[in-house]
Amino acid sequence: MRLRIGTLFGCAGWFLAVLLACLILSRIWNRIFLKLPSVQREQWVRVMADKKSELALPWRDERPLIVLAGDSHIEMGDWYDTFGGAFAMRNCGLSRAKIEDVCSLVSALGDRNPEAVILMCGFNNLARNDSVESALNHYQELLSITQATLHPGKILVLSVMPLQVSPVDKAGQAINQKIAFFNRQLETICSEHHAVFVNVNPAVMDADGSLLPSLAIDGLHLNQAGYEKIAIIIRTSLKTRETQK
């Protein structure tokens, strides 16, 4: 009898071990599967399709509209409260979006003739090894599409912000140098496309060109204090443009 009980417990133990191994292997496989480039592309296509369907519906607000389009720096901003409810603000940002993705999102927007469009994107191009020339070409397309599709009263282009890096982080420093060069070229392109380049970086970076730790949540994205810093600059740019109309 004792032998039978021992055998049963032994079999149960092996069964549980096999079951646990299957569960672990399944999770490992899912993680590997989800990292496959083809799977990631399919997921991104679905994310973009859902976002474009959302943006196709016009924004319901009687006040003059400000459209914000870009990557996670736009998406993560609580723009309405940051501006104290002074404007009707539509947040069209999407995390991981590259400049060419923002082109597609702007094209899908159901809003026309907004008071202003604020653009902020490019980091995902530059950090993923796209050349500065390629990113600038995409940005020229974005400016043309924004003007032709939305017919905004004004276009504000916010500078690409740097990373928070340490003195020994050579890779991060190289990205920041690339971003600084890109911003200088972007300012020239903006003037050619009747857009206003707004350099927000002096308000959020230190003397070495690194994002200030006190204004960031993860070395890349701003905290609320950081958004309030750049909101002051944006508000000034909006008012300046209003007086020039």
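Buried here means under 20% relative accessible area, with exposed being over 50% and partly exposed in between (1.4 Å probe, protein chains only). With 5 of the 5 residues of β3 (residues 116-120) buried, the strand is largely enclosed by the rest of the structure. Strands and helices are DSSP runs numbered from the N terminus (E, at least two residues, for strands; H or I, at least four, for helices).

As the model is predicted, local features need pLDDT of at least 70 and side-chain atom pairs count only at pLDDT 80 or more, whereas totals for chains, interfaces and linings use all residues. Residues are numbered from 1 along each chain as its sequence is written, and side-chain values use heavy atoms, leaving out hydrogens and water.

So what sits beside β3? Strand β1 (residues 65-70) runs parallel to β3 and is joined to it by 5 bridges, with Ala69 opposite Leu119. Strand β4 (residues 155-158) also pairs with β3 in the parallel sense, over 3 bridges, and here Ile118 stands opposite Leu156. Pairing takes at least two DSSP bridges between two strands.

Over in β1, Ile66 is buried at a relative accessible area of 1%. Leaving aside residues up to four places away in sequence, Ile66 touches Phe87, Ala88, Met89, Arg90, Ala116, Ile118 and Leu238; contact means heavy atoms within 4.5 Å.

Rings of Phe, Tyr and Trp (its six-membered ring) pair if their centres lie within 6.5 Å, and planes under 30 degrees apart count as stacked, over 60 as edge-to-face and the rest as tilted. Trp79 and Tyr227 have ring centres 5.3 Å apart and planes at 85°, so this pair is edge-to-face. It links distant parts of the chain, as Trp79 in helix α4 (residues 79-82) and Tyr227 in helix α9 (residues 224-244) are 148 residues apart. Both Trp79 and Tyr227 are buried. Phe83 and Phe87 also pair edge-to-face, at 5.9 Å centre to centre with 75° between the planes. Phe83 is buried at 3% relative accessible area, and Phe87, at 18%, counts as buried too. Trp79, Phe83, Phe87 and Tyr227 form one aromatic cluster.
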